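Student: I have a structure to get to know today. Could you walk me through it with some questions and answers?

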Amino acid sequence: MGRKVTKIIEVDGLVPSRAKLEEAAAILRDGGLVAFPTETVYGLGACGLNQEAVKGIFEAKGRPATNPLILHVSSVEEARSLSREWPVEAEALAQAFWPGPLTLVVPRIEAIPASVCAGLDTVALRMPAHPVARALIELVGSPLAAPSANRYTRVSPTTAKHVFDGLGGRIDMIVDGGPTTVGLESTIVSVVETPPRILRPGMVDEVELSRVMEVSSATGLIVDDEMPRQAPGLSRRHYSPDATVRLVDSDRFDRFLRKPGQAFIRIGMGQADERTIWLPDDPREYARGLYAALHSFDVDDVDEIIIERPPANGAWTAICDRLRRAATQGAV
Ligand code: TXA
Ligand code: MG
């Protein structure tokens, strides 16, 4: 693919200027690629009903065509219009959690390009809460296909700088609306199964979902970002920084002999240094900071990141899922 000039524009994350966003919307309407913030991570957007534009996403990311994309909408109405059938479960979950970090997999209409859905009969839909994302979708006047704005298998971006480091020169524009607040990708729930099934855990966790309805969780069947849907159940290396990642239990940490080339991510409060980052012991705050910590160790002289293993329950489930993948070497 040819090299592009990636323009960066800054907007207020809470009250974005429509005039500034119009420039981004024009690029998208024209079939271009624009990265923008959502409350979870930055997305790499393209006009979701434009086959050629969608092709650009796969090229820029180096993402296999077997991996379907999420369509981002600005209303529940728009989501309904993209589904062949809008199950009652979809309505109930959308009413409870949209706008927000929840993606629903529903039966799709024919008008959606097959490449968006990787040839599947379903489509993943999300109505994000971020004011920039919402305004942009409205201005473009069409749903936006947007995977996380990182190269294939890499850590999702939570700032515009992370996006530029990975995709600068490969996309047309980055809308910088500041760091994202959730920090982990959305929870994905398939409502084409009964009961609905969690395909990817996220910050809308099982406890919250089950207050609305019975859901099944995805033990052994988690959809991986870069996993061909045709082969569910396989787990792959993903969310990976340059360095290898190792998870170590808290009680083993103090006995750890430090070597050059190592960096550390710990939980709670302690002595920080240029090689040790402490993340809060509250899972939501931990999630917000995790990817920035991983990105900060994407430097030449770090070859191993040692991460203190978090608890595996409640809102930590999604974090543990991402850390396990980050620690996976090669395809397994
Ligand atoms: O928070 C998020 O979800 C972010 C922001 C940008 O919205 N997006 C994101 O997209 O994480 P991506 O492409 O990195 O992850 C989307 C996941 C992939 O694992 C894909 O396999 C799954 O959604 N997916 C998409 N369509 C699907 C479908 N029809 N059935 C099952 N899984 C699907
Ligand atoms: Mg991704």
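Tutor: Gladly! Keep in mind that this is a predicted model. Let's begin with a hairpin, which links β9 to β10 through six residues.

Student: Which residue of β10 is the bridge partner of Val189?

Tutor: Strands β9 (residues 187-190) and β10 run antiparallel and are joined by three bridges. Val189 has its bridge partner in β10, and that partner is Ile198.

Student: Which peptide bond to Pro195 is cis?

Tutor: Pro195 sits in the loop between β9 and β10. Its cis bond has omega near -10°, and the bond in question runs from Thr194 to Pro195.

Student: What is the bridge partner of Val106 in β6?

Tutor: Strand β5 (residues 102-107) pairs with β6 in the antiparallel sense, over four bridges. Within β6, the partner of Val106 is Val123.

Student: Where is the non-glycine residue Ala118, with its positive phi?

Tutor: Ala118 is not a glycine, yet its phi is about 50°. Its place is in the loop between β5 and β6.

Student: And where does Pro99 lie?

Tutor: The peptide bond from Trp98 to Pro99 is cis, with omega near -10°. Pro99 belongs to the loop between α4 (88-97) and β5.

Student: Which element gives the most to the shell around ligand 1?

Tutor: The elements giving two or more residues are β4 (70-72), β6 (122-126) and β10 (197-200). The most comes from one strand with four residues, and that is β6.

Student: How many nonpolar residues does that shell have?

Tutor: Ligand 1 is surrounded by 28 residues, and the closest are Thr40, Asn67, His72, Ser186 and Arg200. Eight residues of the shell are polar and seven are charged, while the nonpolar ones number 13.

Student: What about the open sheet of four strands: which are its edge strands?

Tutor: This sheet has parallel pairing and the order β11-β14-β12-β13. Each edge strand pairs on one side only, and the two are β11 (244-248) and β13 (276-279).

Student: Which residue of β14 is the bridge partner of Val245?

Tutor: Strand β14 (residues 304-308) and β11 pair in the parallel sense over five bridges. Val245 has as its partner in β14 the residue Ile305.

Student: Last one: what angle does the direction of helix α9 make with that of β13?

Tutor: Helix α9 (residues 283-296) packs on this sheet and touches β12 (262-267), β13 and β14. With the direction of β13, the helix makes an angle of about 170°.

Definitions and conventions. Residues numbered from 1 in each chain as written. Chains lettered and ligands numbered in written order. Predicted model: local features only at pLDDT ≥ 70, side-chain atom pairs only at ≥ 80, totals over all residues. Heavy atoms only, no water. Near = heavy atom within 4 Å. Nonpolar A, V, L, I, M, F, W, Y, C, P; charged D, E, K, R; others polar. Pairing = 2+ DSSP bridges. Contact = heavy atoms within 4.5 Å. Axes fitted to C-alpha atoms, helices over the stretch in contact; angles between N-to-C directions.
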